[in-house]
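Dear colleague,

Please find the structure below, handed over for your records.

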Amino acid sequence: MKYVLGISCGYHDSAAALVRDGKVLGACEEERFTGIKHDSSFPTNTIEWLMETYNIRPENLHAICFYENPKEKLDRIEKSIKKKPKKWYDVIYNNRKSILNRNIKSYKDIENKIKKLCGKNTEVYYSDHHQSHLAYSYYTSPFQHSAILSVDGVGEWETTCLGLGTVNTVQKMGSINFPHSLGMLYSSFTAFLGFKPNEGEYKVMGLAPYGDSKVYKEKFNKLVTKNKNGTFEINMEYFTYEYDDKSMFNEKLGKLFEIPNRLPEDELTQQHKDIAAGLQSLYEELFFNLLDILYKQANSDNLCLSGGCAYNGTANGKILQKTKFKKLYIPPAPSDAGSAIGCALDYHYKNCNSRAAEIRVMNNIPYLGPGYKQDDVLDAIQKYSSEIWADKKLKEQIVDIIAQEIKDGNVVGWFDGRMEFGARALGNRSILANPRDPQMKSRLNRMIKKREGFRPFAPIVTEEFSKVYFRYEDTVPYMNQVVKVKPEHAKNLPSITHVDSSARIQTLNKNQHKYIYALLTKLQQINGYPIVINTSFNLKDQTMVLTPEDAIKTFLNCEMDVLVIHNHIIKKKIL
């Protein structure tokens with residue numbers, strides 16, 4: 001058996017994955033262990049968990065793979081920072097050296113840590129950033145032949161990559177290079193609107209439906225040059241991200257939009273909402289132009305999507321409507337975290353002579369993180385026994401009880417099985433609530449998640465009934481596409497229907513999650529819809545809960561009503 005360890009780290013969303021003979025055994029983001037959102041550090045805790053769980057020693061590792069090429073990335077950083085304007089040259093020169101030295105030190109540290117993990121015959125393989133993205137999306141897809149698009153901020157030099165997957169090969173067909181980047185453009189406006197780049201982009205996407213995209217259309221058009229071949233170039237007169245690691249735009253951007261950049265504590269005005277809407281509109285225009293090129297080049301009706309921009313569910317939900325592609329696959333963790341799997345699979349299919357078709361069906365399961373035994377649950381319950389009481393039930397009983405709790409307007413934490421890999425809770429680390437309750441969105445945002453009130457909530461729906469309630473013909477197993485709620489049902493589903501009548505859905509069948517599916521079926525009987533609100537089990541600025549103890553602590557720290565951990569129903573004691 002050949003074990004391959006994949007690692008992504010150094011920028012954001014660090015992760016590690018273990019692959020055996022082409023099958024993904026486990027994968028997890030480092031943030032789940034450290035509690036630091038989007039943790040960029042070397043995934044020491046994740047690697048220790050993988051090695052211990054699967055009883056792996058360094059001598060068992062056939063290869064250790066890294067998700068990008070550090071030498072190429074350092075080359076880009078060195079050449080880019082030289083473009084910084086030359087006033088105050090002495091300060092700038094020292095800053096240039098500082099940025100470069102910091103990155104060199106970081107990659108040397110990563111290399112040294114990788115070497116310490118190696119056995120006598122372990123090969124070290126450095127993939128390519130976008131090759132890792134392409135490989136992850138294609139080799140976990142159901143397709144034998146597929147177009148592949150990877151879009152993010154930047155890798156080594158590439159920011160966008162068009163590819164083709166055929167059985168057990170992934171090849172690049174075209175790319176766009178830094179600084180021309182859809183991801184960096186979106187992140188720059190995320191910062192301009194007062195949110196944190198590489199984290200707050202989904203807030204901008206949620207804000208966009210409150211605005212009018214036409215208001216700033218002419219100003220947005222000044223930011224890009226749209227080439228006849230469908231590619232684009234960013235007007236770097238307004239942006240600094242090419243050479244500055246502390247800012248992304250300059251004062252010219254505020255002058256263009258005739259509004260200063262928003263600070264995090266500032267009020268969100270209609271101007272901010274209109275800018276968000278304009279940004280999303282421009283993103284979609286450029287994105288669909290790329291897909292049109294890709295369709296012509298790849299000669300395939302199938303599309304695999306990856307890179308951090310694949311989390312833009314609003315654009316994703318329009319792909320099958322606005323392009324000629326007929327089938328779409330987006331993996332559970334399309335950003336850099338997923339590249340830990342991607343680089344390992346890239347190595348495997350280049351070196352181990354396996355056919356993707358034989359194992360791919362096993363690699364699209366999202367529940368790849370740590371799971372916990374019954375003893376762990378009992379220990380956590382005992383530790384907090386003065387504050388909670390727990391009732392052990394059969395899982396079938398729990399489904400009936402929790403369905404009634406949800407119908408009655410109670411908010412439920414659901415902790416079960418192995419943790420999801422990727423940014424979305426998909427039923428194992430979830431908070432569940434009634435989509436029919438008109439006050440539930442406000443309550444969840446204010447009292448449970450403790451976050452901005454404009455943020456929408458996503459639903460899980462049984463796969464066979466999704467077309468009844470939502471305008472979308474395909475399945476969406478990983479909650480990465482925003483679609484329209486049918487008008488006749490929107491009024492009955494106020495807490496999952498966004499201001500533009502949309503919802504970011506997750507479709508579910510019995511094989512994907514037996515008990516959540518049973519819960520949805522029960523809700524259909526007693527609540528009229530096989531639908532439940534599903535949001536990640538965490539509070540604002542915290543990472544998703546990992547352990548049973550994490551779940552109980554979070555439960556006690558907010559106004560959640562009921563907690564399910566495996567086959568225990570937990571409630572708070574009235575003190």
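In helix H6, Leu 182, Leu 185, Tyr 186, Phe 189 and Phe 192 meet Ile 275, Leu 279, Gln 280, Leu 282, Tyr 283, Leu 286, Phe 287 and Leu 290 of H10, where contact means heavy atoms within 4.5 Å. Of the residues in this contact between H6 and H10, twelve are nonpolar, one is polar and none is charged; Ala, Val, Leu, Ile, Met, Phe, Trp, Tyr, Cys and Pro count as nonpolar, Asp, Glu, Lys and Arg as charged, and the others, Gly among them, as polar.

This is a predicted model, in which local features need pLDDT of at least 70 and side-chain atom pairs count only at pLDDT 80 or more, while totals for chains, interfaces and linings use all residues. Residues are numbered from 1 along each chain as its sequence is written, and side-chain values use heavy atoms, with hydrogens and water left out.

Helices (H or I, at least four residues) and strands (E, at least two) are DSSP runs, numbered from the N terminus.

Turning to the sheet, five strands form an open arrangement in the order S3-S2-S1-S4-S5, with mixed pairing; two strands pair if DSSP finds at least two bridges between them. Strand S3 (23–29) and strand S5 (123–126) are the edge strands, each pairing on one side only. Strand S4 (residues 61–66) and S5 run parallel and are joined by four bridges. Within S4 and S5, Ala 63 stands opposite Glu 123.

Yours sincerely
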